[in-house]
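Q: I would like a close look at one part of this model. Please take it step by step and keep it brisk.

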Amino acid sequence: MSVEVIVHRGTSEIGGNCIEIRTSSTRIILDVGQPLFKPNREPYDRWETRGKTKEELLAFGYIPSVPGLFTPGLNVDAILLSHAHPDHTGLLPYTPDEIPVYASRGTSKMMLASSVFAAQVKLPRERHVEVIPGMPFQIGEMTVTGYDVDHSIFGCLAYRVEVDGKAILYTGDLRHHGRKPGMMNKLIEACREKQLDLIIVEGTNIEADDDSNVTEYELEEQITKQIADAATLVFACFSPLHVDRLVSFYKAARRNGRVFVADVYTAFVFYLLQRDAHLPSVEPSSGIRVYYPDNFLTSRPNKLKETLAKEFLHARIDLDEIFTEPQKYVMMFRPSMMSNEWGKHILDRVVCLHSRWAGYLDENDWAEFRHRYIDMFDDEPEKVGKLLTLHTSGHIVRKDLISLLGSINAKAVLPIHTFGGEVFSNCVDNVLCVKDGQTLLT
Ligand SMILES: [Zn+2]
């Protein structure tokens, strides 16, 4: 029996992951991601694909042509999701309802939160099969095991697939500088039990100039210092699904004796993951209050949002209270929050700690923030606010990647989620250069 691997998309771009492993009787798909970039490497505008039919999206290559998954063809037995980022899950609504979707409980929760608050895709409950990390399960003739990995969203898994005496590992997205470096050690241990025939490994940062891996703990220290130095209100801008980062900001706020003001999206993440991630409960006594933006119920109305509107009322805080004693708070912030009610709340020396990729600051939605807290004080330099990026990557840096591949010692390495596939060959041995759609025999 031969085992075939086809990367339908992802060999030469970041995002849009879609990988197939198949034998004569079983087909599984690892991730069904939407692409982040066009073939000319220009990023997709988030509105560009709105309202387009599946046929139109297939015609211009946004959806890859995969029989049985996106076009008619032989049955696919399962879709396995590595984590809840749209470049790994975004094409799920275009797949047949009868294909079961395997994912961790954390991923299903992250998809629930992001579907309600960020218009991202849902994981339909009736399709979800929960993967428990470390517990092997069977799909046709394949034995699959999920392993926890650390990345910039909660609930990520790598998958090891064994069939016909062959072992293949798909890493999904991962890093070694988060709050749980032990996850990587466990993964390496599991991969050493039997030599891997193939590792399909993410390489987002393989060609990045900056190879420094500021750890999440070091970042917490940097955030703590900035909060300590701030004279007044501190805004925190990051994805609430990035639970490591949420913990870093919450702890940094508490270490400075400040209250962490969550928005309802963030409060929902605290609520969903309270047990799974050992997060504090949303209570004033935990140092958490909840701000309800005034467009909370009108933007993307949803039944669950209506329920949540009541869930956190006991911890609610409004802008008047925040701006009356602004030095007491670290407040979750997104430029889209700044609706009419912000009009009267002018404040000098505001510090905004932007904890995402710095390129997001070039987007137009920061104009209002800059106008209100920075440009407003052009003639009074001592009152000008600060907008600082304090961030560390969700992806493994080159030196950690080289060390990971050295420790695992797979017979062959297939880079994915990277623009630098050819750089791999300069750094590690046994790299396969394959193109999207090419069939690989293991
Ligand atoms: Zn990711």
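Is His-417 buried or exposed?

A: His-417 is buried. There are 26 other C-beta atoms within 10 Å of His-417, and 20 or more are needed to count as buried, so the residue qualifies. Keep in mind that this is a predicted model.

His-417 sits in the loop between S19 and helix H12 (421-427).

Asn-409 lies in the loop between helix H11 (398-408) and strand S19 (413-416). Phi of Asn-409 is near 55°, again a positive value in a residue other than glycine. The surroundings are another matter. Asn-409 has 14 C-beta neighbours inside 10 Å, so it counts as partly exposed.

Now the strand between these loops. Val-413 and Pro-415 point one way from S19. Leu-414 and Ile-416 point the other way. All four are buried.

S19 has a partner. Strand S11 (residues 198-202) is joined to S19 by 4 bridges, and the two run parallel. Within this pair, Ile-200 stands opposite Leu-414.

Leu-196 is buried, with 22 other C-beta atoms within 10 Å. Setting aside neighbours within four places in sequence, Leu-196 contacts Ala-167, Ile-168, Leu-169, Cys-191, Ile-408, Ala-410 and Lys-411. Leu-196 and Ile-6 are 190 residues apart in sequence, and their C-alpha atoms are 17 Å apart in space.

Next, the core. The largest nonpolar core has 117 residues. Ile-168, Ile-200, Phe-235, Ala-236, Phe-249, Val-330 and Met-331 touch the most other members. Domain 1 (4-209 + 394-441) and domain 2 (216-389) both give residues to this core, so it lies between them. In soluble globular proteins, nonpolar side chains tend to be buried together.

The contact between the domains can be counted. 16 residues of domain 1 are in contact with 18 residues of domain 2. On the domain 1 side, the touching residues divide into 8 nonpolar, 5 polar and 3 charged. The C-alpha centres of the two domains lie 32 Å apart.

Not counting residues up to four places away in sequence, Met-331 touches Leu-233, Phe-235, Ala-236, Val-261, Tyr-291 and Ile-322. S13 and S16 run parallel, joined by 3 bridges.

S13 itself is well covered. 5 of the 5 residues of S13 are buried, so the strand is largely enclosed by the rest of the structure. Val-259, Val-261 and Asp-263 lie on one side, Phe-260 and Ala-262 on the other. S13 also runs parallel to strand S14 (residues 288-291), with 4 bridges between them. There, Phe-260 has Ile-288 as its bridge partner.

These strands belong to an open sheet of 7 strands with parallel pairing, in the order S15-S14-S13-S16-S12-S17-S18. Strand S15 (316-317) and strand S18 (386-389) stand at the edges with a single partner strand each, so one side of each is left without a neighbour in the sheet. Inside the sheet, strand S12 (residues 234-237) and strand S17 (residues 351-354) pair in the parallel sense over 4 bridges. Cys-237 has His-354 in S17 as its bridge partner.

Helices pack on this sheet. Helix H5 (residues 216-229) touches S12, strand S16 (329-332), S17 and S18, and its direction makes about 170° with that of S17. Helix H6 (residues 243-255) lies across S12, strand S13 (259-263) and S16, at about 145° to S13.

Strand S1 (residues 4-9) and S20 run antiparallel, joined by 3 bridges. Val-5 has Leu-440 in S20 as its bridge partner.

Technical notes: Residues numbered from 1 in each chain as written. Predicted model: local features only at pLDDT ≥ 70, side-chain atom pairs only at ≥ 80, totals over all residues. Domains from an automatic or database assignment. Contact = placed C-beta atoms within 7 Å. Nonpolar A, V, L, I, M, F, W, Y, C, P; charged D, E, K, R; others polar. Core = buried A, V, L, I, M, F, W, Y, C linked by C-beta atoms within 7 Å. Buried ≥ 20, exposed ≤ 12 C-beta atoms within 10 Å, placed from the backbone. Pairing = 2+ DSSP bridges. Axes fitted to C-alpha atoms, helices over the stretch in contact; angles between N-to-C directions.
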